[in-house]
Structures are given as C-alpha cells and as structure tokens.
Amino acid sequence: NFCFTMASAATLLTTMMLATIICCLIAASSAAVIFPQRTSSEAAVIEWGHSAIISALDGAVASFGPQTSQGANFEVETAPVLANPIDGVGRRKTDDTTNDLELPKLINADQVEGNMVIMTDAAGLSGVAMARIAKESGAAALMVVNTDQNAGDYIYSLEPENEEEAAYAEENVDIPVIMVSLQAGNVITTAMADDTTAAEVVNSGGSLPDRVRLYAGGDRPFFEDAVSKSPVVYLIHNMLTAEECDDLIVMAKGKYDPVDDSSGTNNYLENMMVSEKLGETLAKNIDRVTLWKGGIAGKVIKDIDERVSQVTGFPPEHFSDFQINKYEEGSSHEPHFDVNPTNGIMATITIFLNDVPQGSGGEFIYTNPDGGDEPVVITPTKGLAIVHHNTDEKYNFDQSTIHKEATLSGGIKYVAKKYVYLNPQPNHLRIVLPLMALPFGGKLPRLFITLQNALIEKYGSESAEVYFQKIVTMIPVLLLLGIASAVSTFVTNKLKGDGGEKKEEKEAEGKSKKSKSKSKKSD
C-alpha cells in the first residue's frame with residue numbers, strides 16, 4: 001500500500017525541499033535579537049562631581065588590557081582630555097596600506113600624559129589601534145566614543161581584530177580601555193557648559209569635568225540599550241540584589257490569586273485589564289498579587305524604590321506598588337499592552353526575581369520593535385530590569401510597546417512589575433489603601449476593587465475617581481472616630497464600674513460599723 005513510483009518520490013522530495021526552504025526563509029526573516037548581551041564583568045562607571053551632586057556614565061570595558069586580566073578590578077582618578085585629532089588619525093593617515101599599529105602619537109600628547117584621553121571611533125580604527133595611540137601618548141586610560149548615530153545608547157566590548165592585534169594587546173596594553181555611547185560622550189564633553197558656552201570651547205575640551213573617576217562596575221546597576229525607539233526599551237543590570245529578589249518572593253508567598261482576564265471585569269486599581277475579546281485568555285496559568293506598601297513600606301521596599309528612582313530618573317511619587325507574578329510550567333502571556341484607562345501608565349519596569357534554566361522558555365519578547373522583522377528577546381536573569389516607555393515624547397500611547405512572555409516549559413519564574421504613572425499618585429493610593437492592606441500582608445481586600453468598579457460603571461472614570469478618593473479618605477476618619485468612641489465607652493464604663501465598686505465598699509463598711517455598734521450595746 002505504501003509504494004511510490006520514481007516520479008511521485010521525486011515530487012514528494014521536491015515538495016519537502018521547498019517546504020524546508022520556505023521555513024528557513026521565514027525563520028531567517030524573523031531571527032530574534034537576544035538580550036542581555038552584556039555582563040557585569042565588562043561594566044565600567046565614569047563618575048565626576050562632589051558629594052552633593054554626582055554625575056555618572058556607563059561604559060563597556062574592552063576584552064584586552066588590565067580590566068580583563070585583573071577581573072575588571074581597576075580604578076583610575078584623573079583629568080579627562082579630548083584627543084587631538086579627536087579620532088586619533090585626522091589627516092595623518094593618507095595611505096590605506098599604513099599599519100594602524102604604527103600610527104604616531106597624538107598631537108597633544110603632552111596634555112594627554114597621565115590623564116584619560118577621549119577618542120572617537122569615527123576613523124574606523126580598531127580598539128587595539130586606538131589603545132596603542134593612547135598608550136604611546138602617555139594616557140592613563142582611554143575612553144572610546146561610539147559615533148554610530150543610529151546606535152542610541154548601544155555600546156560593546158572592544159576586541160582585537162586579528163592575531164597580531166591580540167598579541168600586541170597582550171604584550172603592551174596595560175591601561176583601561178572602555179567604550180561609551182555617543183549620548184554619553186556628549187554628556188561628558190558638555191558637563192561644565194551652560195547656555196553661554198561657545199561651541200569652540202566645547203569642541204576643544206573646555207567644558208569637560210576637572211577630574212573623573214573610572215572604575216569597574218562590579219555589582220552596581222548599569223544600562224544596556226535594547227531598542228532606541230518605537231518603543232524605547234533598555235535593560236538595567238543588577239537593579240535588585242539577589243537578597244532583595246528573594247525578599248519580594250517571600251513577601252508574596254501565600255497571597256497569589258489566579259489571573260483571569262477573560263471575565264470581562266477590569267481591576268483598574270492593580271493594572272489588570274481584561275482581554276479585548278470576552279472569554280479569550282491572554283494571561284495563561286499566571287498567579288499574581290499586588291503588594292500595597294506605598295508610603296508605609298519597610299526598609300526593603302524603600303531601598304528598592306529609592307534605587308529605581310535614582311537609576312531611572314522617574315520620581316517615586318509616580319510609582320505603583322510592586323505587582324508580583326508567578327509562572328509555572330505551561331504559563332505564558334500572549335501579546336498585550338500595558339494600559340490603564342483610569343491612570344495613564346508612562347513606563348513599565350519589569351524585574352526578573354529568579355534565573356530560568358536555559359531552554360526552559362519564559363522569555364520576554366517585543367514582537368515588532370522599531371517596525372522591523374526581528375523581535376527582541378530577553379532571557380530571564382535574576383535582578384535584571386527591563387524598562388519600556390508606553391508613551392512617546394508627547395505622552396501619546398505607543399502601539400509598538402506590544403509584548404508577550406513565551407511559554408515556560410519547566411521550572412518556576414517570578415517577575416516583579418512596577419508601573420510609572422503619568423501623574424503623581426494621591427495619598428489615598430499611597431497611604432490609605434496600604435493601611436487597609438496592612439493586616440493582610442499588603443494584599444488589598446477585594447472590596448475596594450469592587451467599589452471602584454461600581455463607581456466607574458455608574459459615574460464614569462473621572463467622576464468615579466473623585467468619589468472613590470473621598471470614600472477611601474473617609475475610612476481612616478471613621479475608623480478613628482470608631483476607635484475613639486470605643487475608648488470613650490470603655491473609659492466611661494470603667495469609671496462607672498470603679499464608682500459602683502467604691503459605693504458598695506462604703507455601704508458594706510457602714511453596715512459593718514452598725515453591726516459592731518449594736519454588738520457593743522448588747523454587751
């Protein structure tokens with residue numbers, strides 16, 4: 001029954017080959033860009049200023065030089081100097097056959113000596129070639145500025161381009177070499193400039209800080225650019241420590257509820273919107289709880305919020321409380337947006353609270369960033385934060401922020417989300433509701449969510465928010481009045497009780513005296 005002619009076999013083989021080619025083409029067209037690409041071992045920080053105002057930039061250390069041989073354990077404090085020529089070459093390289101490792105030292109080598117020289121990669125020199133020029137000019141460190149106009153904040157670790165460069169670097173490069181983005185280069189070269197500073201002064205290095213400190217990033221937070229626009233997406237390594245991740249998991253333990261986004265009922269207070277189609281589930285097998293801590297949070301949450309604010313620049317008054325999500329085998333979240341019609345969300349901060357074994361899925365995916373065909377895929381890494389902006393520069397909703405979470409094929413994944421609202425959050429959300437959630441470990445009673453939904457359904461979102469705020473604000477007042485009334489009643493009853501007891505004691509004492517008097521008369 002399973003016999004084929006030569007012709008039919010050839011046809012089948014051709015069909016299979018065509019199908020394979022088509023599948024390969026589809027896969028190639030949708031090849032993903034995988035993040036994170038940087039590691040803590042290659043992170044560097046450039047810092048200047050005084051104790052009151054500190055400015056800092058992120059850098060990526062090269063794969064050669066002391067920063068690698070010493071495990072990124074380096075530190076240099078010196079003055080920054082612009083190279084002359086700025087790209088290390090200028091007009092001195094007139095013949096393409098000239099060996100980059102034989103280029104002369106910088107024109108301003110006397111100023112560069114003992115300092116950190118700033119050079120651009122505009123001439124196309126390799127990292128090792130620029131390091132050689134800096135070394136020959138007496139520099140204590142080299143900062144290379146990535147001049148790619150389309151790279152945004154993207155930086156990478158410079159590497160030798162061939163065996164000759166690798167051998168030269170191993171033998172001769174003993175100064176730290178780092179790369180910074182074009183934006184970072186503009187920041188440091190204009191650090192001391194104001195509105196009256198002439199362009200000539202900036203271009204000659206006259207607006208650089210007097211001194212900078214260059215050191216290994218270690219476990220400090222540092223950035224990695226993922227998508228420069230549509231939407232803006234960047235990663236922050238080491239946003240949380242391992243201990244802080246574990247603390248959040250413990251805080252949420254025993255408080256989760258299954259996410260049901262097919263019910264048709266939104267949870268505006270906790271940013272849980274239903275899917276657009278009734279009965280359709282986007283969040284599959286996900287458990288979730290919002291930890292209402294707000295302005296009464298303990299040290300762990302306060303320290304995290306302060307660091308998140310310092311690193312991202314978002315004011316903490318605009319933060320939501322942490323939403324903790326638990327994923328188990330089979331969990332996934334289909335493409336969706338982070339929106340809240342009653343409380344506009346400007347940005348979303350997603351933090352992985354544990355590592356997920358390689359090959360177990362659970363990746364965070366931006367399906368169509370910057371209008372391209374290559375999705376951006378971010379693998380779960382403990383303490384790593386993803387920040388994406390839900391609005392554009394005019395605070396209009398950005399539809400390119402659509403994202404999803406791949407199916408988790410094994411293990412457990414914990415994710416913490418913090419939403420950054422367009423407006424500062426009022427006290428009834430930051431103080432009163434956390435107080436109401438306090439007896440339940442930070443989990444808000446469902447009553448408040450039901451109340452807000454009922455008000456929105458009856459009065460609309462704007463009027464409902466006014467009524468909800470008044471009702472919620474009155475609850476502590478009513479509680480205080482109730483407590484005061486109870487205390488007053490208790491004290492009154494206590495006083496009455498004490499008075500009655502004393503009266504009874506006096507009456508008993510009087511009766512006792514009368515009894516003794518009668519006894520004496522009879523004697």
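The model is predicted. The protein has 12 helices and 20 strands, and buried residues make up 44% of its 523 residues. Among contacts with a separation of 6 or more, 78% are between residues 24 or more positions apart.

**Confidence**

- The mean pLDDT of the protein is 86, and 86% of the residues reach 70 or more.
- Over residues 1-29 pLDDT stays under 50, and the model has two contacts beyond four places in sequence for this stretch.
- Where pLDDT is low, the predicted coordinates should not be read in detail.

**Nonpolar cores**

- In soluble globular proteins, nonpolar side chains tend to be buried together.
- The largest nonpolar core has 30 residues, and Phe64, Val117, Leu142 and Val177 have the most contacts inside it.
- Two or more residues of this core come from each of strand 6 (116-120), helix 4 (127-136), strand 7 (141-145), helix 5 (163-172) and strand 8 (177-180).
- Helix 4 contributes the most to this core, with six residues.
- Beyond its neighbours within four places in sequence, Phe64 is in contact with Gly127, Val128, Ala131, Leu158, Glu159, Pro160, Ala169, Val173 and Val177.
- A second, separate core has 29 residues, including Ile249, Leu291, Ile301 and Ile304.

**Helix 9**

- Helix 9 covers residues 299-312; at 1.5 Å a residue its 14 residues should span 20 Å, and the end C-alpha atoms are 20 Å apart, which agrees.
- Its buried residues are Ile301, Ile304, Asp305, Val308, Ser309 and Thr312.
- Seen down the axis of helix 9, these buried residues fall within an arc of 130 degrees, so they line one face of the helix.
- An α-helix has 3.6 residues a turn, so residues three or four places apart point the same way.
- Lys299 and Gln310 are exposed on the other side of helix 9.
- The cover over the buried residues of helix 9 includes strand 11 (233-237), helix 8 (242-252), strand 14 (322-336), strand 15 (345-352) and strand 20 (413-421).
- Gly313 follows helix 9 and has a positive phi, near 90 degrees.

**His388**

- His388 belongs to strand 18 (residues 385-389).
- With a relative accessibility of 0%, His388 counts as buried, because the cut-off for buried is under 20%.
- The side chain of His388 makes a polar contact of 3.3 Å with the side chain of Asp338.
- Another polar contact, of 2.9 Å, joins the side chains of His388 and Asn390.
- Not counting residues up to four places away in sequence, His388 touches Val232, Val233, Asp338, Ala347, Thr348, Tyr366, Thr401 and His403.

**Ser157**

- Ser157 is in the loop between strand 7 and helix 5, and is buried, with a relative accessible area of 17%.
- A polar atom of the Ser157 side chain lies 2.6 Å from the backbone oxygen of Val61.
- The Ser157 side chain also reaches the backbone nitrogen of Ser63, at 3.3 Å.
- Leaving aside neighbours within four places in sequence, Ser157 is in contact with Glu42, Ala60, Val61, Ala62 and Ser63.

**Ile86**

- Ile86 lies in the loop between strand 5 (80-82) and helix 3 (109-112), and counts as partly exposed at 37% relative accessibility.
- Ile86 and Asp121 are 35 residues apart in sequence, and their C-alpha atoms are 8.9 Å apart in space.

**Backbone exceptions**

- Most residues other than glycine have a negative phi, and most peptide bonds are trans.
- A cis peptide bond, with omega about -5 degrees, joins Ser230 and Pro231; Pro231 is in the loop between strand 10 (222-227) and strand 11.
- Ser230 has a positive phi, near 50 degrees, though not a glycine. Ser230 lies in the loop between strand 10 and strand 11 and is partly exposed, with a relative accessible area of 33%.
- Tyr395 is likewise not a glycine and has a positive phi of about 65 degrees.
- Tyr395 is placed in the loop between strand 18 and strand 19 (403-405) and is exposed, with a relative accessible area of 51%.

Definitions and conventions. Residues numbered from 1 in each chain as written. Predicted model: local features only at pLDDT ≥ 70, side-chain atom pairs only at ≥ 80, totals over all residues. Heavy atoms only, no water. Core = buried A, V, L, I, M, F, W, Y, C linked by side-chain atoms within 4.5 Å. Buried < 20%, exposed > 50% of the residue type's maximum accessible area, 1.4 Å probe, protein only. Helix = DSSP H or I, 4+ residues; strand = E, 2+ residues; numbered from the N terminus. Contact = heavy atoms within 4.5 Å. Expected span 1.5 Å × (residues − 1). Arc of directions from axis to C-beta. pLDDT = per-residue confidence, 0-100. Polar contact = N/O pair within 3.5 Å; in protein donor to acceptor, adjacent residues only side chain to side chain.
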